Amino acid sequence: MLLLNTSSHMPSFFFLTGIPGLEDLSILTSISFCLLYILAVLGNSSMSYIIWTEKTLQGPMYFFLAMLALNDLAFSSSTLPKMLKIFWWNDGLIEASACLTQMFFVHFLAVMESGILTAMAYDRYIAICSPLRYTSILTFVVLEKIAAAILVRAFVTIFPIPVLVSRLHYCGGDVVLHSYCDHMAVVNVACGDTRVNSIYGLALSLSVTGFDLLFIGLSYTMILGAIVRLPSRTARHKAIGTCTSHICVIMAAYLPGIFTFVSYRFGQKTIPHNVHIFLANIYILFPAFLNPIIYGVKTKQIRDCVLKKLQVNQRPI
């Protein structure tokens with residue numbers, strides 16, 4: 001757990017409410033979330049295992065895919081176990097230090113996810129715009145440096161959030177209207193001046209997401225230009241096919257996140273609070289569930305490896 005000062009200003013415990021307004025559907029919601037989580041764990045574990053064990057899947061693209069799978073495993077696991085305890089046993093009680101720890105990892109892994117998707121856009125840019133230099137540019141040393149940069153950026157930008165939250169005054173308030181310890185949900189419980197937290201959270205979201213989306217957009221603009229200049233239709237279709245999976249994953253990751261951010265900041269009076277919390281959970285669970293399916297279906301090398309392992313493990317009756 002994060003070693004922060006949680007004694008002078010914060011309550012010893014917070015109480016997470018789950019999804020207010022959907023209590024009558026808590027069983028259906030919890031079963032749906034649990035099923036998504038199980039499939040996400042199975043899918044991402046299988047993806048990681050296949051990439052780790054198959055020598056043919058050792059290129060730069062698969063390095064980032066393995067990073068994405070491991071991040072999705074951690075991301076979904078950071079909220080779902082506690083969320084199910086809330087739905088099934090109405091156990092929303094969480095220690096303040098555990099709440100801050102969960103807050104850190106939820107936002108840390110979200111920034112990691114964005115960084116990995118940005119790195120994958122760079123990978124696709126090199127693969128299509130400089131195919132002959134692909135392996136010489138994206139060497140293992142370069143991949144390690146990119147991974148380290150993604151990790152350091154996430155840590156440096158997110159670590160101040162639980163520190164700032166731990167310094168707020170709560171005046172006896174301990175009920176968090178959310179299913180996990182989201183930054184602004186906990187800040188809304190505090191009394192007094194919370195402008196620093198709000199400004200930092202807003203600036204962080206705009207800068208990190210804005211930079212990553214700008215980089216992804218520039219990468220795909222250059223990729224599109226390179227595809228248009230390819231001499232044959234077959235080559236153009238093949239190049240587009242290598243980017244389709246990544247584009248689908250970007251949409252699955254960013255659209256729910258952007259909608260959640262906009263609704264939370266600017267649509268609280270027009271969008272019901274339970275809708276916002278529900279989408280915040282979907283933002284964490286759905287990409288983790290969907291990403292292995294997208295890459296398993298759209299990437300021929302991974303699909304062939306899965307089929308080969310299934311045939312090897314098959315036993316005659």
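Reply: What follows is a set of questions and answers on the cysteines and the pockets.

This is a predicted model, in which local features need pLDDT of at least 70 and side-chain atom pairs count only at pLDDT 80 or more, while totals for chains, interfaces and linings use all residues. Residues are numbered from 1 along each chain as its sequence is written, and side-chain values use heavy atoms, with hydrogens and water left out.

Me: How many disulfides does the count come to?

Reply: A disulfide here is a pair of cysteine sulfur atoms within 2.5 Å. Cys99 is joined to Cys181 with an S to S distance of 2.0 Å, and Cys171 is joined to Cys191 with the sulfur atoms 1.8 Å apart. By this rule, the count comes to 2 disulfides.

Me: Is Cys181 buried or exposed?

Reply: The terms rest on relative accessible area, where buried means under 20%, exposed over 50% and partly exposed in between, with a 1.4 Å probe and protein chains only. Cys181 has a relative accessible area of 0%, so Cys181 is buried.

Me: Is Cys171 buried or exposed?

Reply: Cys171 forms a disulfide with Cys191, and that link is right-handed, with 70° about the S-S bond. Because its relative accessible area is 65%, Cys171 is exposed.

Me: Which element gives the most to the lining of the largest pocket?

Reply: A pocket is an open set of points on a 1 Å grid over the protein atoms alone, where a 1.4 Å probe fits, with protein on both sides within 12 Å along at least five of seven lines, and lining residues have an atom within 4 Å of a point. The largest pocket has a volume of about 770 Å³, a volume being the space filled by probe spheres set on the points, which are joined across faces, edges and corners. Of its 34 lining residues, those closest to the centre are His107, Ser205, Gly257, Phe261 and Tyr283. Helices are DSSP runs (H or I, at least four residues) numbered from the N terminus, and the element that gives the most to this lining, with 8 residues, is α10.

Me: How many residues does α10 give to the lining of the second largest pocket?

Reply: The second largest pocket holds about 640 Å³ of space and is lined by 21 residues, with Met61, Arg124, Lys238, Thr242 and Gln301 nearest its centre. Elements that each supply at least two residues of this lining include α2 (60-77) and α12 (300-313). The most comes from α10, and the number it gives is 6 residues.
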